[in-house]
Amino acid sequence: MNIDYSKIESTTAEPEASSMIETFRAIGYSVETAIADIIDNSITAGAKNIWIDYNWKGSNTTLSILDDGIGMNNDQLIQALRPGSKNPLDERTDDDLGRFGLGLKTSSFSQTRKFTVLSKAADNKSIFWSWDLDFVNQKKAWKLIRYVPNESYWTEKIESVNTGTCIIWWDLDRLTKDTSEDSEEAKSKFLGIMDSVKSHLSMVFQRFMDDGLKIYFRERLIKPWDPFMIGLDGLQTKPETRLVDGKIKIKGFVLPHRSKLSAEQYNLGKGPKDNWTAHQGFYVYRNRRLLVAGDWLGFFKREVHYDLCRIQIDLPNNFDGDWQIDIKKSIARPPSMYREQIRALATEVRNQAVEVYRHKGKVLKRKLASDEYFPFWEERARHGKRFYKINRNHPLLNDLLSKSGDLKKDIEKVIQFIEETIPVPLITLQESENEKPHGQPFEGIDHNAIKETMQKLFNGFVSSGLSTEKAKARVLNTEPFNFYPEYIEFLINE
Ligand SMILES: Nc1ncnc2c1ncn2[C@@H]1O[C@H](COP(=O)(O)OP(=O)(O)OP(=O)(O)O)[C@@H](O)[C@H]1O
Ligand SMILES: [Mg+2]
């Protein structure tokens with residue numbers, strides 16, 4: 001439809017500066033993701049070194065990020081400080097980590113009410129401009145100010161590099177509001193947050209660090225953290241799958257079984273989230289910068305027996321729309337056309353990861369296969385018809401009944417009612433008509449119940465005189481624990 005705008009009345013409806021900035025503040029960055037967004041810009045600007053520093057002073061704390069990238073001149077800096085400084089639809093060079101023309105502003109405002117950018121481009125004097133939310137509020141205008149506390153200190157800092165840029169967050173209200181410099185509690189909370197910043201960066205920029213980028217945190221070099229533990233004995237690397245003419249690459253990894261890792265390696269594997277289960281899943285990289293750190297992207301739930309499964313997805317920077325990359329660079333969603341392919345690929349790697357995870361339990365099970373098996377349900381015939389009965393010899397039931405005293409008769413009656421009313425026709429119908437596969441016992445729910453019950457049963461067997469080995473075998477031969485051989489190694493002789 002072609003509209004002739006020249007004949008139509010128009011009026012300006014500019015965004016209201018202070019409310020717009022308040023909205024930026026609500027985008028949902030954490031300190032970690034905010035700093036990572038600033039570092040994206042440094043890397044795009046060709047920085048080889050990045051120095052993060054803070055000066056703890058309670059509510060006057062400052063945090064700065066200095067890089068030795070190409071820097072900006074005055075006009076470029078003002079443009080960089082404009083929200084929407086670039087159009088998200090613009091084509092970007094191959095190695096650009098940006099997309100929206102917003103990150104510098106949104107990430108900074110997420111943490112501060114006032115921030116300054118100093119920059120120095122080749123053949124230029126260093127310059128600086130600041131966003132100050134209080135000033136914007138007062139003037140009701142999108143205006144920068146040329147003010148920063150301790151100006152000479154910061155100028156000296158930017159002069160220490162040939163070219164580069166320094167972001168200073170001051171008035172860190174989200175982190176340090178109303179805190180006093182002397183409060184030990186506030187300080188240690190702040191330091192704790194700084195620790196998680198460090199470990200987040202070690203993961204997000206690992207591949208750049210491996211290639212020589214140096215990120216210093218208070219002068220200390222941050223060490224990269226590789227989720228796939230490449231180089232470790234026993235690591236299984238699956239062949240790479242390529243989609244869209246090789247632009248998207250997917251590679252599965254099965255990490256070594258716990259017994260193959262030293263205590264130190266095992267702890268390292270817990271990653272920044274300090275937990276193997278939280279780190280299983282897909283790792284989505286955009287231009288080798290990590291966006292998603294261990295997530296099943298809605299395909300599967302986290303379950304402990306998939307702990308050894310980590311899958312790398314590499315994207316270039318021109319699929320951002322398709323993959324719904326967000327401003328914070330912390331979300332990526334596979335477009336529907338690849339979902340099934342990715343699911344199938346992941347399923348294969350997951351199955352192999354379970355094999356490795358369960359290996360020990362399985363070996364034990366094979367060794368003790370001759371032991372008697374205790375199913376929960378048994379099929380019986382009565383007057384030529386099929387019925388399902390609960391196995392009275394099942395160790396759990398046996399134990400419950402022997403302890404039930406006066407209640408024994410009642411419990412037996414309830415069990416009989418359950419047996420007589422089990423909806424076999426409904427189950428059969430569902431089984432044949434429903435596409436959803438039926439889950440195995442305890443799939444997708446909390447496994448503490450299984451683990452605790454296994455331990456109790458094991459204790460019972462041991463105190464009845466069975467050897468540890470035999471007791472373990474008996475537990476493994478008792479439904480539903482046969483589905484979870486991996487928990488056998490956690491059974492302890494109490
Ligand atoms: N450290 C830096 N060195 C040089 N130029 C920078 C630096 N930081 C920002 N810029 C310039 O400022 C612009 C705006 O940065 P900003 O982070 O707001 O948006 P972006 O990186 O283009 O996109 P995104 O919103 O996806 O981060 C950048 O495109 C870049 O030109
Ligand atoms: Mg950016």
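An oxygen atom of ligand 1 is 2.8 Å from an N or O atom in the side chain of Asn41. Such a pair is a polar contact (a pair of N or O atoms within 3.5 Å; within protein, one must be able to donate a hydrogen and the other to accept it, and residues adjacent in sequence count only if both atoms are side-chain atoms). The model is predicted: local features need pLDDT of at least 70, side-chain atom pairs count only at pLDDT 80 or more, and totals for chains, interfaces and linings use all residues. Residues are numbered from 1 along each chain as its sequence is written, chains are lettered from A and ligands numbered from 1 in the order in which they are written, and side-chain values use heavy atoms, with hydrogens and water left out.

**Ligand 1 and its surroundings**

- The backbone also reaches ligand 1: a backbone N or O atom of Arg99 lies 2.5 Å from an oxygen atom of the ligand, and a backbone N or O atom of Phe100 lies 2.9 Å from an oxygen atom of the ligand.
- The protein covers 90% of the 590 Å² of accessible area that ligand 1 has on its own. Accessible areas come from the Shrake-Rupley method with a 1.4 Å probe, and for residues only the protein chains shown count as cover.
- There are 20 residues around ligand 1, and Arg99, Leu102, Gly103, Lys105 and Lys329 come nearest. A residue is near a molecule or strand if one of its heavy atoms lies within 4 Å of it.
- The shell around ligand 1 divides into 6 nonpolar, 7 polar and 7 charged residues. Here Ala, Val, Leu, Ile, Met, Phe, Trp, Tyr, Cys and Pro count as nonpolar, Asp, Glu, Lys and Arg as charged, and the others, Gly among them, as polar.
- At least two residues of this shell come from each of α2 (31–44) and α4 (103–111). Helices (H or I, at least four residues) and strands (E, at least two) are DSSP runs, numbered from the N terminus.
- The space taken by ligand 1 is the largest pocket. On a 1 Å grid over the protein atoms alone, a pocket is an open set of points with protein on both sides within 12 Å along at least five of seven lines.

**Backbone geometry**

- Most residues other than glycine have a negative phi, and most peptide bonds are trans.
- The peptide bond from Glu479 to Pro480 is cis, with omega near 0°. Pro480 is found in the segment after α16 (468–476).
- Val244, in the loop between β9 (241–243) and β10 (248–254), has a positive phi, near 45°. Val244 counts as partly exposed because its relative accessibility is 27%, where buried means under 20% relative accessible area, exposed over 50%, and partly exposed in between (1.4 Å probe, protein chains only).
- Asn287 also has a positive phi, near 50°, and lies in the loop between β11 (281–286) and β12 (289–295). With 14% relative accessibility, Asn287 counts as buried.

**Side-chain contacts within the protein**

- His257 is found in the loop between β10 and α10 (263–269). His257 is buried because its relative accessible area is 7%, and its side chain makes a polar contact of 2.8 Å with the side chain of Ser259.
- Thr106 lies in helix α4, one of the helices that supply residues to the shell around ligand 1. Thr106 is buried, with a relative accessible area of 0%, and a polar contact of 3.0 Å joins its side chain to that of Tyr29.

**Separation in sequence and in space**

- Arg218 and Asp53 are 165 residues apart in sequence, and 4.9 Å separates their C-alpha atoms in space. Arg218 is in the loop between β6 (214–217) and β7 (220–221) and counts as partly exposed, at 37% relative accessibility.
- Glu355 and His257 are 98 residues apart along the chain, with 9.8 Å between their C-alpha atoms. Glu355 is in helix α11 (residues 336–367) and is partly exposed, at 44% relative accessibility.
- Glu22 and Asn275 are 253 residues apart in sequence and 35 Å apart in space, C-alpha to C-alpha. Glu22 lies in helix α1 (residues 17–24) and is partly exposed, with a relative accessible area of 36%.

Notes: On a 1 Å grid over the protein atoms alone, a cavity is a set of points where a 1.4 Å probe fits but cannot get out, and a pocket is an open set with protein on both sides within 12 Å along at least five of seven lines; lining residues have an atom within 4 Å of a point. A molecule sits in a cavity or pocket if more than half of its atoms lie within 2 Å of its grid points.
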